Amino acid sequence: MNRSIIDEERSGAMHLDVEELQRYSRHLIMPEVTSEGQSRLKAARVLCIGAGGLGSPTALYLAAAGVGTIGIVDFDDVDLSNLQRQILHGTKDIGRGKLESARDRLHDINPQVEIELHKCRFSSENAPHLVSRYDVIVDGSDNFPTRYLSNDVGVFAHKPNVYGSVFRFEGQTTVFAPHLGGPCYRCLFPEPPPPESVPNCAQAGVLGVLPGIIGMLQAIETLKLILGIGESLIGRLLHFDALKVKFRELNLRRDPQCPVCGVRDGAAIPDISPHELKRRMDAGERFELIDVREPFEYEIAQIDGAKLIPLGEIAERLDELKREQPIIVHCHSGMRSAQAVRLLQQRGFAKVYNLEGGIDAWSDQVDPNVPKY
Ligand SMILES: [Zn+2]
């Protein structure tokens, strides 16, 4: 994942004033961020579901980092028993709405970000409209109906869903984004468990610091998606055990039969354009380019840096592919490579993309020196 989810037209329209240049100076001096990345952050709109244990650290750091608009959905009031972990709120806020308390605290940290308050339960009636107005969802909910709803709405709206959950001394996080190549929550757990079969924080307890750690990881993943840097947690679940101080990572597989994001009629194949491929090459980004045509076609024309693995051989040669890197697959016109992408997705490769129009389109749009046949 090396492509910002914020398009250049929006970030290019942003201007950083003198105060912002000073406020974000520790970002701006990093070559991975610069004023271009900071403008992306300013243009970004993030929806935080919940202003509780996970939402607190996430919103605090997103506001501090300069995410331009943060929407928060919550309907609760601040309770004394929240303060052990919900660090957005203070003792003086007990009895106030969490939204108002959150807004005051976030504006104290950074008055230059917009805070949009949505005082409601996140429901199937309001969720599609709410989500449509944001670029990323940060799921800080503590119950299954909300978690499934935010997943489903995010999948349909093509919005990444930065997931986090905590239980006693353990927590986990990942990014669900089938439109970017990874699985969704229902690929892992197709249906919610029966209500009341799973205890929540109030019933099972949670170490107060734990949502801090998981929520901050959610903030980091959100910032990376916006900046378009690093390796996203798409396709990987990070599990943290506070008692053992151990992080474990599990590779997540997309389920082609998933009731929400499953492949239908080949419509869900993630693709990239020839121009986007050229941009990644020029930027020196790391990815593997795989050519699934036949050797005789490779003799006629090839894209520099592509590795030839004919479609018929790819299932036997998976060990030649680097799972941790994005993989871009191309063929002559995009049909065989779409089959290869589907096969790789089924074998658990999360970041696989089809080159739209194949080498034919590459020759037309990027490099006319590549012969057409
Ligand atoms: Zn799914």
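Which protein donors hold the zinc ion, and how many Å from it do they lie? They are Cys184 (SG), Cys187 (SG), Cys258 (SG) and Cys261 (SG), lying 2.3 Å from the zinc ion. Donors here are N, O and S atoms within 2.8 Å of the metal (3.2 Å for Na, K and Ca), and water is not among the atoms, so sites may look incomplete.

Some ground rules before going on. This is a predicted model, where local features need pLDDT of at least 70 and side-chain atom pairs count only at pLDDT 80 or more, while totals for chains, interfaces and linings use all residues. Residues are numbered from 1 along each chain as its sequence is written, and side-chain values use heavy atoms, with hydrogens and water left out.

Back to the metal. The zinc site is tetrahedral, with angles of 93 to 124° among its 4 donor atoms; four donors get that label if all angles lie between 85 and 135 degrees. Along the sequence, the donor residues follow the spacing C-x2-C-x70-C-x2-C.

Strands are DSSP runs of E with at least two residues, helices are runs of H or I with at least four, and both are numbered from the N terminus. Two strands pair if DSSP finds at least two bridges between them.

| Strands | Sense | Bridges | A facing pair |
|---|---|---|---|
| β1 and β2 | parallel | 5 bridges | isoleucine 49 and valine 73 |

Strand β2 is largely enclosed by the rest of the structure, because 6 of its 6 residues are buried. Thr69, Gly71 and Val73 make up one covered face, and Ile70, Ile72 and Asp74 the other.

What about the core? The largest nonpolar core has 36 residues, and Val46, Leu62, Val67, Ile70, Ile72, Leu106 and Ile226 have the most contacts inside it. Such a core is a set of buried Ala, Val, Leu, Ile, Met, Phe, Trp, Tyr and Cys residues joined through side-chain atoms within 4.5 Å. Elements giving two or more residues to this core include α4 (34-43), α5 (55-65) and α11.

Helix α5 is also largely enclosed, since 9 of its 11 residues are buried. Just after α5, glycine 66 takes a positive phi of about 95°. In α4, Gly37, Gln38, Ser39, Arg40, Leu41 and Ala43 are buried, and their cover includes β1, α5 and α11.

Finally, proline 211 sits in helix α11 (residues 210-227) and is buried, with a relative accessible area of 1%. Leaving out residues up to four places away in sequence, proline 211 touches Gly53, Leu54, Pro57, Arg85, Val166, Val206 and Met216, contact being heavy atoms within 4.5 Å.

Terms used:
Buried means under 20% relative accessible area, exposed over 50%, partly exposed in between (1.4 Å probe, protein chains only). Four donors count as tetrahedral if all angles lie between 85 and 135 degrees; four count as square planar and six as octahedral if opposite donors are over 155 degrees apart and all others between 65 and 115; anything else is irregular.
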